[in-house]
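Hi,

Here is the structure I said I would pass on.

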Amino acid sequence: MCKHLARFFQLLGASKYDVPYRISTQWFCNYLSGRSFSVSFNAQTWQNIDMDSRLPQGSTLGQLMYITYASELQVVVERHGGVFHSFADDTQLSKATRVEDIQAAKQAIVNCIKSIQDWSSSHRLKLNAAKSEVIWLGTRQQLAKLNEADRTLQIDNAVLKPSTVIRNLGVLIDEQLSMDTNARQCAKTCFFHLRRIRQLHRYVDCETLYMLVRALVLSRLDYCNSLFASSFKSRIKRLQRVQDAAARLLCNAPPRAHASSLRKQLHWLPVSNRIQYKLCTIMFDVQHDRAPEYIMDLCVPCQDSRLRSAARGNFEVRGTKLKLTAGDFSVAGPHHYNTLPTLLRQAGLRVTFCSKLKTDFFSLSYNVV
């Protein structure tokens, strides 16, 4: 336990010679030790079992302490040339390859998973390969070159068949990264909640109604909406119909009423502008070194002082000819941020930037002077 606590404070940048370090270590040791465990089932409780160390289930520190405990897993993955990404206990492995190198890439992933199994066993964890999911991402032409045997992975006795759609932190990702499945599911869920809210329309006041729409509908439209940056207009229109229906509900307008004036009355940005708004706010954090490191690594400021783009503080936009990669944040984020007025990007505070950004988008969307 002390080894993992030392690793935890090392990640926070603390030195073992600091007085706060020693006090914090003692506090964590007292927090994790002296606990017991029991099982209750069918109105019967078994005898308590004392444990050397244990973290209470559902605690605030649970995810952070687990990430610290499993931080060595990234080294295991990188040893096999894979890309590692983790959110709490949800670990993702990926590897880029060409079609002609499929077998070598599959073997590398299999060896990596076996190394993870060995590492998990040594850390009193269990990796259930049968519950893992496999998806191949690529263009329609490239995916057509793969047969069923190429797509299947076998880990010991478990055979992992590929999926065409997987759920990642609530987002449905299809194999062509078109985000069409996610847009359909989002619209379906939002319309379901709108129908339920409409049933309460006559029993609640306007403020409560707006709170329900914002919590159950608008939050879903805004969740990870930057993934739709390069989507076809048909998918954006599908989400726009959801927002229009929500505006008609709040304004008590007829089903076929024009929604543009209603959105303007509610001071809502259209879905396309809400996507740009999300990208630009993330880019503002990148410019001021407030974004996560893995996002900042994707954005490179213009370095050539001979160009006007460098003087304006623009970012380099990576060229791409594929619709598959046009939605990459390294492409979409700098592209939309560079189009903003220079005076707007020079805002010092994030609150000021967000306020001016929404005002600018609102003026462009509804021709407000």
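This is a predicted model: local features need pLDDT of at least 70, side-chain atom pairs count only at pLDDT 80 or more; totals for chains, interfaces and linings use all residues.

Which residues in α8 meet which residues in α9? From α8 they are Cys 186, Thr 189, Cys 190, His 193, Leu 194 and Ile 197, and from α9 Leu 209, Leu 212, Val 213, Leu 216, Val 217, Arg 220 and Leu 221, with contact meaning heavy atoms within 4.5 Å. By class, the contact of α8 with α9 has 10 nonpolar, 2 polar and 1 charged residues (Ala, Val, Leu, Ile, Met, Phe, Trp, Tyr, Cys and Pro count as nonpolar, Asp, Glu, Lys and Arg as charged, and the others, Gly among them, as polar).

Residues are numbered from 1 along each chain as its sequence is written, and side-chain values use heavy atoms, with hydrogens and water left out. Helices (H or I, at least four residues) and strands (E, at least two) are DSSP runs, numbered from the N terminus.

Back to that helix pair: α8 covers residues 180-199 and α9 residues 206-222, and they pack at an angle of about 170° with their axes 9 Å apart (axes are lines fitted to C-alpha atoms, for helices over the stretch in contact, and angles run from 0 to 180 degrees between N-to-C directions). That makes α8 roughly antiparallel to α9, a label for angles over 145 degrees.

Asn 182 also sits in α8. At 10% relative accessibility, Asn 182 counts as buried (under 20% relative accessible area, 1.4 Å probe, protein chains only). Leaving aside neighbours within four places in sequence, Asn 182 is in contact with Gly 170, Val 171, Leu 172 and Phe 228.

β10 (residues 171-174) pairs with β9 in the antiparallel sense over 4 bridges; strands pair if DSSP finds at least two bridges between them. Val 165 stands opposite Asp 174. The two strands form a hairpin with 2 residues between them, and Leu 169 in the turn has a positive phi of about 55°. β9 (residues 165-168) has a covered face, Ile 166 and Asn 168, and an uncovered one, Val 165 and Arg 167.

Finally, α16 (residues 329-338): 9 of its 10 residues are buried, so it is largely enclosed by the rest of the structure.

Cheers

Note on methods. Angles under 35 degrees count as roughly parallel, over 145 as roughly antiparallel, 65 to 115 as roughly perpendicular and the rest as oblique. Buried means under 20% relative accessible area, exposed over 50%, partly exposed in between (1.4 Å probe, protein chains only).
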